[in-house]
Amino acid sequence: MNILITGCNGQLGSEMRLLENEHPQHEFFNTDVKELDITDQAAIDEFVDNNAIEGIVNCAAYTAVDKAESNNQLCTALNTEAPVYLAAAMARRGGWLVQISTDYVFNGTKYTPYIETDTPCPEGVYGSTKLAGELAVSKFCKSTMIIRTAWLYSSFGNNFVKTMIRLGKEKTELGVVFDQIGTPTYARDLAQAIMTAIEKGVVPGVFHFSNEGVCSWYDFTKAIHRLAGITTCKVKPIHTSEYPTPATRPAYSVLDKTKIKTTYGIEIPYWEDSLAECIKLLEC
């Protein structure tokens, strides 16, 4: 197949590129904004037609959660309108779309893991635009697989893991919220799941994916420092109210992965095992 990857320089897109050599039967077209502006429908249609694209993995998004609160227009363009253009192009060609979404479509008031059929209720601009994108792409392209993920990190790009390592080396004390619960997701594990879906056949519908297990941002930070060998920084647990942000974070955003595991027969690594792999790469 001829497969288009958007957002190829981001965390997930970069991980997808690393796996492409393991799938030489496909031709991958890796693009970022310089190669393809996905907010330009005409540009998408031309690219898709010229390269006979049969499937798209949309890794591009506006993910600056706090900045989104004051940048609704750009956030909507990237998270809602652009996915529609991609979905419409695939529907026209009879292809498929894998759309990456987020735990932010939920408000985090539940106390058991979210399943795919739970009613979304986003609180901020980021979550609202991602949910609107979900609903729109499903209408435009019936062969759309939506994967919601959470707490994404990688050895590529800017992310929480890299920030906590840097701050841990710079500071003697660090306050991290302990009352927001979720599961970190190593982007490489998500990329591998996407590749499995491509190989076995993209199944339309909504799926959840994160690593296994549950932790708070405080627990996550403690594990990052332990695995990175940082011993000179004391990590203190703090309440969300002590660290106000423009966007409200879900207090509980654990995702149930049963559907994707049973559909594709995959095993998902425990979050701390994957974190250890990533930190080893960062230390190389």
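The crossing of helices α6 and α8 is right-handed, a crossing being right-handed if the near helix is turned clockwise from the far one by less than a right angle, and left-handed if anticlockwise. The model is predicted, and local features need pLDDT of at least 70, side-chain atom pairs count only at pLDDT 80 or more, and totals for chains, interfaces and linings use all residues. Residues are numbered from 1 along each chain as its sequence is written, and side-chain values use heavy atoms, with hydrogens and water left out.

The axes of α6 (residues 160-170) and α8 (residues 217-228) come within 10 Å and cross at roughly 65°; axes are lines fitted to C-alpha atoms, for helices over the stretch in contact, with angles from 0 to 180 degrees between N-to-C directions. On the α6 side, Phe160, Val161, Met164, Ile165 and Gly168 take part, meeting Trp217, Phe220, Thr221, Ile224, His225 and Ala228 of α8 (contact: heavy atoms within 4.5 Å). Eight of these residues are nonpolar, three are polar and none is charged (nonpolar: Ala, Val, Leu, Ile, Met, Phe, Trp, Tyr, Cys and Pro; charged: Asp, Glu, Lys and Arg; polar: the others, Gly among them).

Overall, the chain comprises 10 helices and 12 strands, defined as DSSP runs numbered from the N terminus (helices H or I, at least four residues; strands E, at least two). Of its 284 residues, 53% are buried, that is, under 20% relative accessible area with a 1.4 Å probe, protein chains only. Residues 24 or more positions apart contribute 84% of the contacts with a separation of 6 or more. The C-alpha atoms fill a box of roughly 55 × 40 × 35 Å along the principal axes.

Note on methods: Buried means under 20% relative accessible area, exposed over 50%, partly exposed in between (1.4 Å probe, protein chains only).
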